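Thanks for coming. Please have the sequence and the model open while I talk.

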Amino acid sequence: MQVSVENSGPLERRMTVEVPAERLDQEVENRLKSMARTARIAGFRPGKVPFKVVRQRYGRQVQMEVASELMNSSFQEALNQEGLRPAGGPRIEPGEIEPGRNLEFTAVFEVYPEFSLAPLEDIEIEKPVTEISDADIDAMLDKLRRQRATWEPVERGAEQGDQVVVDFKGTLDGEPFEGGEGSDMTVELGSGRMIAGFEEGLVGLSPGDEKQLDLTFPEDYHSEALAGKAVKFDVKVKQVSASKLPGIDEDFAASLGVTEGGIEALREEVRKNMERELENARKAVLKDRAFEALIEKNPIEVPAALVEEEVDRLAQDMQNQLGQNQNLNLPRELFQDKARRRVLLGLLIGEVVKANNIQVDQDRMRTLVENIAAGYEDPEEVLKWYYGNQEAMASVQTLVLEEQVMDWILDQAKITEKPYTFEELIELRQAANS
Amino acid sequence: MSQERLMKVLLAPLVSEKTARLADTSRQYAFKVLPDASKPEIRQAVEKLFEVKVTNVQVSRVKGKAKRFGQTLGRRSDWKKAYVTLAEGQDIDFMGAE
């Protein structure tokens with residue numbers, strides 16, 4: 001077998017392989033012989049077909065088959081011989097395939113870039129440092145309270161932010177119009193869901209009050225018959241409710257699942273959750289920065305084939321997320337940059353792992369799985385699921401490996417600390433992931 | 001004999017264990033031909049279509065088989081079979097031509 005390789009690009013290689021004819025013909029002969037024993041051809045009993053006839057009928061086809069198989073296997077062989085690692089599949093240009101002639105083909109493919117990691121000593125990474133203060137917890141509790149606000153009827157004039165239940169009847173030039181009537185409608189003042197002036201007109205009304213509103217539909221109203229028209233609304237207020245935030249007490253704690261220990265326990269729980277989130281965010285931000293630095297220091301060429309593959313994968317993910325039913329035909333350019341970055345990062349991380357002989361740390365894996373599980377209601381179940389699921393474990397392993405690489409980078413780099421508030425860090429994290 | 005007629009004389013090659021053996025041992029190739037084709041016509045048709053030299057033509061009339069479908073008796077048409085012997089060193093490749 002003869003192999004010659006030429007470089008047709010920074011990463012592209014053209015490899016011409018020549019396989020001796022005997023190897024091809026021998027294999028074809030064998031195939032045909034085994035075929036002759038079972039071939040069914042009209043006019044012949046099975047197994048009685050002369051070899052010559054079998055060759056006449058199937059020779060060409062078998063030749064092609066064997067040739068393509070041989071191309072695959074000899075391609076692998078040639079790669080081993082030359083010590084090349086292809087990235088992505090090769091494009092094979094076959095030569096003439098004829099009995100008695102040497103099988104020749106050219107494979108064009110890309111190779112993984114050979115590079116050595118640039119030293120990382122002079123990079124600087126900012127490490128976010130955050131403490132959760134009592135104020136942060138108060139803010140979080142406040143947010144929770146607002147999510148659990150209840151409406152309570154009050155006997156007073158409606159104010160902005162109140163909920164008002166009304167009956168209304170609209171007339172256009174004295175005539176009622178379609179959709180202009182409603183009873184027991186709930187209107188939240190200040191929500192802006194009604195046409196301009198409607199909500200404002202309700203301010204100050206108490207339950208039982210009636211009022212006539214002179215309003216004008218906006219020009220861009222969806223119903224053409226009404227757009228821009230002046231109408232009168234007879235409104236009757238039936239109920240005014242003010243939003244009531246739950247007090248921070250034991251009931252509130254219980255409604256959030258903390259049944260024992262009251263407010264103190266709730267605060268503790270909230271703090272724990274926030275700390276977990278903080279830790280995740282801190283890690284994500286740090287990781288993003290470390291990898292960013294790694295990429296910056298190692299501007300290497302990336303095989304286009306791998307990027308294309310990654311683009312396909314990203315597009316597929318996106319498609320799955322947005323709904324499988326429509327074929328969205330997402331433009332590939334959308335993912336180009338992200339795919340490139342991911343491939344590049346993958347290569348670099350692979351190199352770091354190899355160069356430093358990093359092994360997956362089993363202890364860290366266990367800790368990570370336990371951490372993931374802790375976020376669920378039933379950690380035991382989650383743990384069991386993870387340990388019984390190869391795929392899930394594999395993804396955890398990747399994560400751990402990434403973390404170890406991150407640690408390695410951080411070991412090398414100069415680290416400066418910079419304080420952030422909880423909110424800032426969470427925001428930073430969202431920016432980092434995109 | 002017109003060209004047109006020659007093109008119509010040969011109906012189909014016959015390929016079977018028997019004809020394969022004949023081709024191997026004595027360079028004889030079998031055809032289904034028009035029932036009224038003559039030996040000289042067959043010779044010329046084969047020489048023309050396959051570009052070979054024919055040394056001998058033997059023909060036989062084959063009776064159509066009687067076939068029964070339920071109670072109805074049917075009969076397949078009679079046909080003519082020709083064995084064409086080629087000059088030494090020549091052959092016809094039916095399979096490849098198909």
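Predicted model: local features only at pLDDT ≥ 70, side-chain atom pairs only at ≥ 80, totals over all residues.

Is A:Glu152 buried, exposed or partly exposed? A:Glu152 has a relative accessible area of 39%, so it is partly exposed. If we set aside neighbours within four places in sequence, A:Glu152 is in contact with A:Val240, A:Ser241, A:Ala242 and A:Lys244.

Now step back to the chain. Chain A has 434 residues, and 36% of them count as buried. There are 12 helices and 11 strands in chain A. Take the contacts in chain A with a separation of 6 or more: 70% of them come from residues 24 or more positions apart.

A second residue in a strand is A:Arg13, and its strand is strand 2 of chain A, residues 12-19. The relative accessible area of A:Arg13 is 15%; because buried means under 20%, A:Arg13 counts as buried. Again leaving out neighbours within four places, the contacts of A:Arg13 include A:Val5, A:Glu6, A:Asn7 and A:Ser8. A:Arg13 also touches A:Ala107, A:Val108, A:Phe109 and A:Val111.

Next, the helices. Two packed helices are described by the angle between their axes and the distance between the axes. I will give both for each pair.

Look at helix 7, residues 304-322, and helix 8, residues 333-355, both of chain A. They pack at an angle of about 120 degrees, and their axes are 8 Å apart. That angle makes helix 7 of chain A oblique to helix 8 of chain A. The crossing of helix 7 and helix 8 of chain A is right-handed. On the helix 7 side of chain A, the residues that meet helix 8 include A:Leu306, A:Val311, A:Leu314 and A:Met318. On the helix 8 side of chain A, they include A:Phe335, A:Ala339, A:Arg342 and A:Val343. Sorted by class, the contact of helix 7 with helix 8 of chain A has 9 nonpolar, 1 polar and 5 charged residues.

Stay on helix 8 of chain A for a moment, and find A:Glu351 there. A:Glu351 is buried, at a relative accessible area of 18%. What does A:Glu351 contact, apart from neighbours within four places in sequence? The answer is A:Phe115 and A:Leu117. A:Leu117 is 234 residues from A:Glu351 in sequence, but their C-alpha atoms are 7.5 Å apart in space.

Now helix 11 of chain A. I have two partners to show for it.

One partner is helix 6, residues 262-297 of chain A, which packs on helix 11 of chain A at about 65 degrees with the axes 9 Å apart. Helix 6 and helix 11 of chain A are therefore roughly perpendicular to each other. Helix 6 passes helix 11 of chain A in a left-handed crossing. In helix 6 of chain A the contact residues include A:Leu286, A:Ala290, A:Phe291 and A:Leu294, and in helix 11 they include A:Leu399, A:Met406, A:Ile409 and A:Leu410. The residues of this contact of helix 6 with helix 11 of chain A divide into 9 nonpolar, no polar and 4 charged.

Another partner is helix 9, residues 362-374 of chain A, at an angle of about 115 degrees to helix 11 of chain A and with axes 10 Å apart. The crossing of helix 9 and helix 11 of chain A is right-handed. Helix 9 of chain A contributes A:Arg364, A:Met365, A:Leu368 and A:Val369 to the contact, while helix 11 contributes residues including A:Met393, A:Val396, A:Glu403 and A:Gln404. By class, the contact of helix 9 with helix 11 of chain A has 7 nonpolar, 2 polar and 3 charged residues.

A:Gln404, which is in helix 11 of chain A, residues 390-412, is buried, with a relative accessible area of 13%. Beyond its neighbours within four places, A:Gln404 is in contact with A:Ile358, A:Gln359, A:Val360, A:Asp361 and A:Arg364.

Last, the other chain. In the contact between the chains, 11 residues of chain A touch 8 residues of chain B. Chain A and chain B bury about 800 Å² between them, with 50% of it on carbon and sulfur atoms. Which residues in chain A lose the most area to chain B? They are A:Phe44, A:Gln56 and A:Arg57, together 53% of what that side buries.

Notes: Residues numbered from 1 in each chain as written. Chains lettered and ligands numbered in written order. Heavy atoms only, no water. Axes fitted to C-alpha atoms, helices over the stretch in contact; angles between N-to-C directions. Helix = DSSP H or I, 4+ residues; strand = E, 2+ residues; numbered from the N terminus. Parallel < 35°, antiparallel > 145°, perpendicular 65-115°, else oblique. Left-handed = near helix turned anticlockwise from the far one by under 90°. Contact = heavy atoms within 4.5 Å. Nonpolar A, V, L, I, M, F, W, Y, C, P; charged D, E, K, R; others polar. Buried < 20%, exposed > 50% of the residue type's maximum accessible area, 1.4 Å probe, protein only. Buried area = accessible area lost by both parts, 1.4 Å probe.
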